Amino acid sequence: MRFSFGQVVIAGAVLAAAPAHAQTFDPRFPVCMHVYSGASSGGGEWYDCSFASLSQCRGTAAGRAATCDLNPFYPVNAPPPRPRRGRSG
């Protein structure tokens with residue numbers, strides 16, 4: 001069976017295309033836990049960005065192969081939201 005150069009290029013492009021991943025860091029929380037499950041567990045490693053403080057994250061990470069870091073996508077210098085005023089009347 002003969003393959004043309006164009007077919008080989010197209011097949012390579014299709015096989016090389018990787019699925020898109022969602023954003024790793026959730027910008028709503030200031031602290032993330034990086035969990036290392038290792039190759040023997042089969043889960044790889046991931047980030048859990050659902051912590052409000054480093055102490056909360058460290059309490060959850062205790063006894064696990066995990067570290068706690070500040071979220072690089074948390075908006076530190078963002079202005080606070082304006083208070084909403086309800087209509088009276």
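**Close-up views of the disulfides and the nonpolar core**

At 6% relative accessibility, C49 counts as buried, where buried means under 20% relative accessible area, exposed over 50% and partly exposed in between, with a 1.4 Å probe and protein chains only. This is a predicted model, in which local features need pLDDT of at least 70 and side-chain atom pairs count only at pLDDT 80 or more, whereas totals for chains, interfaces and linings use all residues. Residues are numbered from 1 along each chain as its sequence is written, and side-chain values use heavy atoms, with hydrogens and water left out.

**View 1. The disulfide of C32 and C49.**
A disulfide is taken here as a pair of cysteine sulfur atoms within 2.5 Å, and C32 and C49 form one, with their sulfur atoms 2.0 Å apart. The link of C32 and C49 is right-handed, with 110° about the S-S bond. C32 lies in strand 1 (residues 31–36) and C49 in strand 2 (residues 45–51), so this pair ties together parts that are 17 residues apart in sequence. Helices (H or I, at least four residues) and strands (E, at least two) are DSSP runs, numbered from the N terminus. C32 is buried, at a relative accessible area of 2%.

**View 2. The disulfide of C57 and C68.**
C57 is joined to C68 by a disulfide with an S to S distance of 2.1 Å. The torsion about the S-S bond of C57 and C68 is about -90°, so this disulfide is left-handed. Because C57 lies in helix 3 (residues 54–61) and C68 in strand 3 (residues 66–70), the pair ties together parts that are 11 residues apart in sequence. C57 is buried, with a relative accessible area of 0%, and C68, at 15% relative accessibility, counts as buried too.

**View 3. S55 in helix 3.**
S55 lies in helix 3 and is exposed, its relative accessible area being 56%. The C-alpha atoms of S55 and C68 are separated by 9.0 Å, the two residues being 13 residues apart along the chain.

**View 4. The largest nonpolar core.**
A nonpolar core is a set of buried Ala, Val, Leu, Ile, Met, Phe, Trp, Tyr and Cys residues joined through side-chain atoms within 4.5 Å. The largest such core has eight residues, namely V31, M33, V35, F51, C57, A61, A66 and C68. Two or more residues of this core come from each of strand 1, helix 3 and strand 3, and strand 1 gives the most, with three residues.

**View 5. The surroundings of V35.**
Contact means heavy atoms within 4.5 Å, and, leaving aside neighbours within four places in sequence, V35 is in contact with G44, E45, W46, R64, A65 and A66.

**View 6. The protein chain as a whole.**
The protein chain has three helices and three strands, and from the N terminus on its elements run α-β-α-β-α-β. Of its 89 residues, 15% count as buried. Among contacts between residues at least 6 apart in sequence, 49% join residues at least 24 apart. The protein chain exposes about 7500 Å², of which carbon and sulfur atoms supply 58%; accessible areas come from the Shrake-Rupley method with a 1.4 Å probe, and for residues only the protein chains shown count as cover.
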